[in-house]
Amino acid sequence: MTDKKDFSHILSPIKIGPVELKNRIMLAPMNETMSGVNGEATEQMISYFAARAKGGTALVCTGAIMGTKLASEFVWGRNLHLFHQGHMQGLNLLTERIHYFGGMAGAQMTIGFGRQGHSYDHHKLAPAPTAGLPYEVTMPSLPKGIAEGWSIAEHPRSWITGQMTREMTIAEIHSEQKEFANSCQLAVVSGFDVIEIHGPHGYLEHQFLSPLSNKRTDMYGGEWRNRKRFLTEVAEQIRYACPGIAVGCRISAEEHMQGGLTEEEMIDLAKDLEAIGLDYISLSDGAGYEEGGHLIADIDRSKHYPEHGEAFKKALKIPVIVTSQHDPVKIDKNIADGRYDIQAIGRQLFIDPEYVNKLAAGKAKDIVRCKRCNMCLIRCLTGLTPACADNPNFGREYAMDEYKIGPRQAHESLLPIGMLTAPMPALDRPWWKKEISLINDFFRPVQGRTARH
Ligand SMILES: Cc1cc2nc3c(=O)[nH]c(=O)nc-3n(C[C@H](O)[C@H](O)[C@H](O)COP(=O)(O)O)c2cc1C
């Protein structure tokens, strides 16, 4: 790799909806399993994210956050939760730390794991589109190291098959959607600049889309437009509930399963999401835990990702994010060639949080490259927090002074930017009552003094 290259495309700013990103690198949403027993943000987690923001990453995104109480009861290991104000305290500390170090904060929000979720009470049935359809991992399709990793610990073996499922009723779907919209508003108040609706990887949103996991015969199942309904309704509701921030959606570009979702269908879905007013589409790949190989891609199974980016970009006007390209020379060229707009990087930012700073400083050859050995993931699967042989500081950032927060700086907003940009509607207000906007009436006059931009 030559250090003469200026990486001007990676380092150029871009707008997603109302949010300006200072460069094209996003921390891919990864559940780094550093949350606490009740789904709260911990100091270990906050300082891990701080290191990625300090390293120049424009958009620092959380892993999937369980956005309803029901979702929080069927998790996979440990996950962040956000469905009441108690969760906001830690998440606000998290967004403040990201902003302090100059990054934008993204919350990846999900309505749940559906059939991929596991309750601590193993007698419970996982809420899903269809009853009696637990998942089962296809071991040969697993990413490198994972099948071996799974076989060394007895406890995680229970995750190779899912819990038995029950069919969610239509009334339950509607109440879950409403609670989720409220939780996304709590994310805005917690200081997130971006909400990413989680739609890939065989989670509940994806399960409704796929004919492999959705066997319903009502308005949420059957033909394609009915299977799209759950996710497109969620997108409409979040767009309405959170007008002041960027809202995007991550989806799998295709399922890689016989009879599963095709790229053509997923492009059609992406066009619907654009028409609803979403600000970006982020592409991952694969059917989820049954077909893990495209979710946590090895080098071969990530090669086609830019082609997906190109196909979606041709069909859309909003920015397209693609994941799992780690080589900055290739990323810069892909962006220059218009194949996609933003690069989401996962494991490569576990190993080298200074990735962007090194590119900006002309020190690209000092970037420590990820070998995709998946030790990080294996540790998560066993119930530990991740670690990396080539980055001894990973997971120990909490012990390092350089990632601590200091006195409030001029660029930090006193009120969340998402609240100042546009007032959020009250979701429970009776229709005959007048909307009162506290932000409009009382705070907007001081916006100039409080805004970060
Ligand atoms: C430990 C771990 C946890 C992950 N958790 C999530 C998640 O919560 N949400 C999501 O959309 N993708 C998740 N992913 C997938 C990543 O976002 C990313 O798409 C994948 O790791 C491939 O990119 P990479 O090669 O840059 O790591 C996770 C990946 C890893 C390794």
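Visitor: What should I know about the model and its numbering before I start?

Guide: The model is predicted, so local features need pLDDT of at least 70 and side-chain atom pairs count only at pLDDT 80 or more, while totals for chains, interfaces and linings use all residues. Residues are numbered from 1 along each chain as its sequence is written.

Visitor: Where is Thr33 placed, and is Thr33 buried or exposed?

Guide: Helices (H or I, at least four residues) and strands (E, at least two) are DSSP runs, numbered from the N terminus. Thr33 sits in the loop between strand E3 (25-27) and helix H1 (43-54), and its phi is near 55°, a positive value in a residue other than glycine. A residue is buried if 20 or more other C-beta atoms, placed from the backbone, lie within 10 Å of its own, exposed if 12 or fewer, and partly exposed in between. Thr33 counts as buried because it has 22 C-beta neighbours inside 10 Å.

Visitor: Which loop holds Ser324?

Guide: Ser324 lies in the loop between strand E12 (320-323) and helix H10 (328-336); although not a glycine, Ser324 has a positive phi of about 70°. With 26 C-beta neighbours inside 10 Å, Ser324 counts as buried.

Visitor: Which residues come nearest to the ligand?

Guide: A residue is near a molecule if its C-beta atom, placed from the backbone, lies within 6 Å of it. Of the 24 residues around the ligand, Ala28, Gly63, Ser324, Gly346 and Arg347 come nearest. Strand E4 (59-66), helix H11 (347-351) and helix H13 (375-382) each give two or more residues to this shell, and H13 gives the most, with three.
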